[in-house]
Amino acid sequence: MSDEIRPFTVDVPDDVLVDLRNRVQGTRWPDQLDGSGWTYGTDRAYLQQLCATWADGFDWRPWEERLNCYEQFVTEIDGVDVHFLHVRSMAPDALPMIMTHGWPGSVLNFLPVIDPLTDPVAFGVEPAHAFHLVIPSLPGYGFSGKPTEPGWDVQRIAEAWAVLMERLGYDHYVAQGGDWGSMVSSRLAAQDPEHCAALHLNLVLGMPTDDEPEEPSDKEQAAMADMATYLGDGSGYAKIQGTRPQTLSYGLTDSPAGQAAWITEKFREWTDCDGDLETAVGRDELLATITLYWVTATAGSSARLYYESQHADSFGLGPRVEVPTGCAIYPREIMRPPRRWAEQLYNVTQYTELERGGHFPTLEVPEVFVDDVRSFFAESGPSGARMD
């Protein structure tokens, strides 16, 4: 294994994009029950509109340009090439932070927050709130390599992230994540507190306490009801990806409309949109995410993270995280555990209930996300993690 860090530029071949357009235009559409809308899954009428835009009104190249505005690299860790953005702030005391996405997200999720976090002065904020950002693509996602052997669960990814930060010269740093990024970041903070000094999460795991109140609050009852709905009606994707990811991958890798339907349903269900997805995430942003999965052919390799982690002992849980932890609770997030639940797993030093946002806050409410991150690390980000 080489420790070399190699520069990387996004450059999707023209023939891949031409093939994508041809496949979208040649989609064979299934039937749908009259008036069923989204009841049985992704609504055909909406998906047809989305795919029409994808074929004739969407341009991937500006998204490449946005990514290529930032320095990107690839380095091999444990036999897998890890792609990452490394965006250093001009502020001399910037705090190093590794930010990790989940499914069906990517490094694209973080584009709206990179500049406010690395260059706060340009946004009217003091330079003391600046960060150096390391934003990797999960193994099997985006421009990272696809693991060729089993075992790449969240624990193994966390171990790879520790190697990545050491290789970049960050002896002390902090971590941030949502979705799988929450679990990876949690394991990183738990296993390496000497280097990962604090943790911020926008998807918070939680467990009931031994002393639950007889009458939960209205918010707690709503959160528990939403979780019950998710487990009973909204988690089929996780069961399939956690048990038969290879079978699923054939359809999603061959049909762009199938890939779009698979991802779009989750964006609609998990955003703070009241059923109108594009009020939370724009159509261009949605298509950029779907295109990234398509051009990298990562439907199957990304789904395998569910299998690996569900077949591991902990599914992302493990020893209690003892470093200071900030919990950002968005009103349309899948899991919204009360603070006392989160404290079973984390040393919670900030617990913020936000008024807007869902599962993808960096896309939905980037300014709210940035403010919460700044607030937490201003109080809990140890000065020892700041580097020149």
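In this predicted model, helix H2 (residues 44-56) and helix H10 (residues 256-270) approach each other with their axes within 11 Å, crossing at roughly 120°. On the H2 side, the contact is made by Tyr46, Leu47, Leu50, Cys51 and Trp54, while H10 contributes Pro256, Ala257, Ala260, Ala261 and Thr264. Sorted by class, the residues of this contact of H2 with H10 comprise nine nonpolar, one polar and no charged.

Helix H9 (residues 245-254) packs against helix H12 (residues 299-310) at an angle of about 155°, and the two axes are 8 Å apart. Since angles over 145 degrees fall in that class, H9 is roughly antiparallel to H12. The crossing of H9 and H12 is right-handed. Here Pro245, Gln246, Ser249, Leu252 and Thr253 of H9 meet Ala299, Gly300, Ala303, Arg304 and Tyr307 of H12. The contact of H9 with H12 holds five nonpolar, four polar and one charged residues.

Turning to the strands, the model contains an open sheet of nine strands with mixed pairing, in the order S1-S2-S3-S5-S4-S6-S7-S8-S9. Strand S1 (5-7) and strand S9 (346-353) form its edges, each pairing on one side only. Between neighbouring strands of the sheet, the average turn is 25°, with direction ignored. In general, strands of a sheet pair through backbone hydrogen bonds, in either a parallel or an antiparallel manner. Within this sheet, strand S4 (residues 95-100) and strand S6 (residues 173-177) run parallel and are joined by four bridges. Met99, for instance, has Gln176 in S6 as its bridge partner. Helix H4 (residues 111-118) lies across strand S3 (80-87), S4 and strand S5 (131-136), and runs at about 155° to S5.

Trp103 and Pro104 are joined by a cis peptide bond, with omega about 0°. Asp179 belongs to the loop between S6 and helix H6 (180-191).

Finally, charged side chains were examined. Side chains of opposite charge can pair when their charged atoms come close. Across the whole structure, 19 salt bridges are found. One of them pairs Arg61 with Asp14, whose closest N and O atoms are 2.5 Å apart. Arg61 lies in helix H3 (residues 61-68) and Asp14 in helix H1 (residues 14-25), so this pair ties together parts that are 47 residues apart in sequence.

Technical notes
Residues numbered from 1 in each chain as written. Predicted model: local features only at pLDDT ≥ 70, side-chain atom pairs only at ≥ 80, totals over all residues. Heavy atoms only, no water. Pairing = 2+ DSSP bridges. Helix = DSSP H or I, 4+ residues; strand = E, 2+ residues; numbered from the N terminus. Axes fitted to C-alpha atoms, helices over the stretch in contact; angles between N-to-C directions. Contact = heavy atoms within 4.5 Å. Nonpolar A, V, L, I, M, F, W, Y, C, P; charged D, E, K, R; others polar. Salt bridge = Lys/Arg side-chain N within 4 Å of Asp/Glu carboxyl O. Parallel < 35°, antiparallel > 145°, perpendicular 65-115°, else oblique. Left-handed = near helix turned anticlockwise from the far one by under 90°.
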